[in-house]
Amino acid sequence: MASIALSASAALLPLKRNSGAWSKLFPFSSKSYLSFKTCRKNRFISFAASNSSGRNGDLVVTSEDESASQTYTWPDKKKPRICILGGGFGGLYTALRLESLVWQDDKKPQVLLVDQSERFVFKPMLYELLSGEVDAWEIAPRFADLLANTGVQFFKDRVKLLCPSDHLGVNGPMACTHGGTVLLESGLIVEYDWLVLSLGAEPKLDVVPGAAEFAFPFSTLEDACRVDRKLSELERRNFGKDSLIRVAVVGCGYSGVELAATVSERLEEKGIVQAINVETTICPTGTPGNREAALKVLSARKVQLVLGYFVRCIRRVGEFEASVKQPESGAIPNIAADKNSDKYILELQPAIKGLESQIFEADLVLWTVGSKPLLPHVEPPNNRLHDLPLNARGQAETDETLCVKGHPRIFALGDSSALRDSSGRPLPATAQVAFQQADFAGWNLWAAINDRPLLPFRFQNLGEMMILGRNDAAVSPSFVEGVTLDGPIGHSARKLAYLIRLPTDEHRLKVGVSWLTKSAIDSVALLQSTLTKVLSSS
């Protein structure tokens, strides 16, 4: 089985032979492996990692001369220990679900949530950051604030290595005493009884030459802020000029269509958006109602749909290279590139017969095609028992209870999990799936700890939603066949649905008040504008 890294750019920690740290990380290995050299020589450092409820877990760092290790000590030695890797919809909502369940005092687990960011991001609403409809704190609250009134501890860190021990079994003479060990990028070693993998995915930019260097992904809060800054820069640069801002959106799935609709509304007459898709239609897996609503909005905003093409490469326009005009008639005149700004050339290859290759120029390239799961290395590398079973996409294979196959103490959710619905089709990598899996994972962890049978996960499709602008959205609920709410009604329905889905009651209340206030201000401004027009015309 294959093992993949959490981060391609992350380098492994320096290693040192014949030290006790490796035996702490891999206590069930009889062979000698490399250990971790993470401490400064002849120094002893200890500090406490405090959670939001005030209970402390100890982080002990010993000298290189002794054992050169960092070990996290859980607050209670007797209670179950659950480590959740990844604080997205799957990870955070699993932690909150565990907190909401009723536990016997001696079985209530200690929960540690680890994420590389200090903020939870409600990704379906990142588009509203570009339109200015929401503020960052509304859709990206800090984990510390969300978990302030819970017993869940939070560490901002990255997972480096994973050593599961549950392949030895949980019953019988070969039963392991714990689920395994995790090494974090900071050097902290965490021993767990139960592990939840919910590390999400990252954009796959390495499939097309130039995409990693010149294209902007749109997956994280940092991505959204980068795109917003770039658009603001282009708007300032083109202020008062006749030239148009050209934005190319690669991919016309839900994310690409939502981006194209949002950016085209923001630019209005100052720019032009071209959406490129290898399929001959947009949102090929979406509902017909949502697709029709999106086509209507994109057409009204003059978004150019370039369907049946894939991007062969992306390159920057050189200082003396000819710029390429967008060909309505197929002509490609020679225009000197603006050496004070970055422009990019996209070479398009037809995906179906009857089409000709095209070359487009863009000031900004937005990439929404492909993703790859973020799963950690599994060690020791020469012991196949430790491996997680992965599919071709790098997702962990799970059974119906969301347990990783062969590892009864590891659960995998969202993009980290490869699971199929009742008809045999892979479940989509959507927030809706992760929401529901988190609910089941929390319950099944409760069941496993209390020696109860685990429940098989069954996905219930509640419908599909997409944002199409400040006052436009499309909502197709599954419980009303053939009905799609679009325009302002769809926009309000989508916003209400996501308000209900925000992580905690306290955050929900704050955001609800903020949205109501903004709505009232917008209504007053619209009324004043209408009255002004009426009075001026009379």
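Author: Helices (H or I, at least four residues) and strands (E, at least two) are DSSP runs, numbered from the N terminus. This is a predicted model, in which local features need pLDDT of at least 70 and side-chain atom pairs count only at pLDDT 80 or more, while totals for chains, interfaces and linings use all residues. Residues are numbered from 1 along each chain as its sequence is written, and side-chain values use heavy atoms, with hydrogens and water left out.

Reader: Where does Glu-347 lie?

Author: Glu-347 belongs to strand E21, which covers residues 344-350, and the chain has twelve helices and 32 strands.

Reader: Why is Glu-347 called buried?

Author: Buried means under 20% relative accessible area, exposed means over 50%, and partly exposed lies in between, with a 1.4 Å probe and protein chains only. Glu-347 has 14% relative accessibility, and therefore it counts as buried.

Reader: Which residues is Glu-347 in contact with, leaving aside its neighbours within four places in sequence?

Author: Contact means heavy atoms within 4.5 Å, and with those neighbours left aside, Glu-347 is in contact with Phe-310, Val-311, Arg-312, Cys-313, Arg-315 and Gln-358.

Reader: What makes Asp-363 buried?

Author: Asp-363 lies in the loop between strand E22 (358-362) and strand E23 (364-367). Its relative accessible area is 1%, so Asp-363 is buried.

Reader: How do you know that a polar contact joins the side chains of Asp-363 and Lys-343?

Author: A polar contact is a pair of N or O atoms within 3.5 Å; within protein, one must be able to donate a hydrogen and the other to accept it, and residues adjacent in sequence count only if both atoms are side-chain atoms. The side chains of Asp-363 and Lys-343 are joined by such a contact of 2.8 Å.

Reader: What makes a set of residues a nonpolar core, and how many residues has the largest one here?

Author: A nonpolar core is a set of buried Ala, Val, Leu, Ile, Met, Phe, Trp, Tyr and Cys residues joined through side-chain atoms within 4.5 Å. The largest nonpolar core has 87 residues, and those with the most contacts inside it include Ile-82, Phe-122 and Leu-366. Helix H10 (residues 431-449) supplies the largest share of this core, eleven residues.

Reader: Why is this core said to lie between domain 1 and domain 2?

Author: Domain bounds come from an automatic or database domain assignment. Domain 1 (70-116 + 157-203 + 371-460) and domain 2 (216-323 + 340-370) both give residues to this core, and therefore it lies between them.
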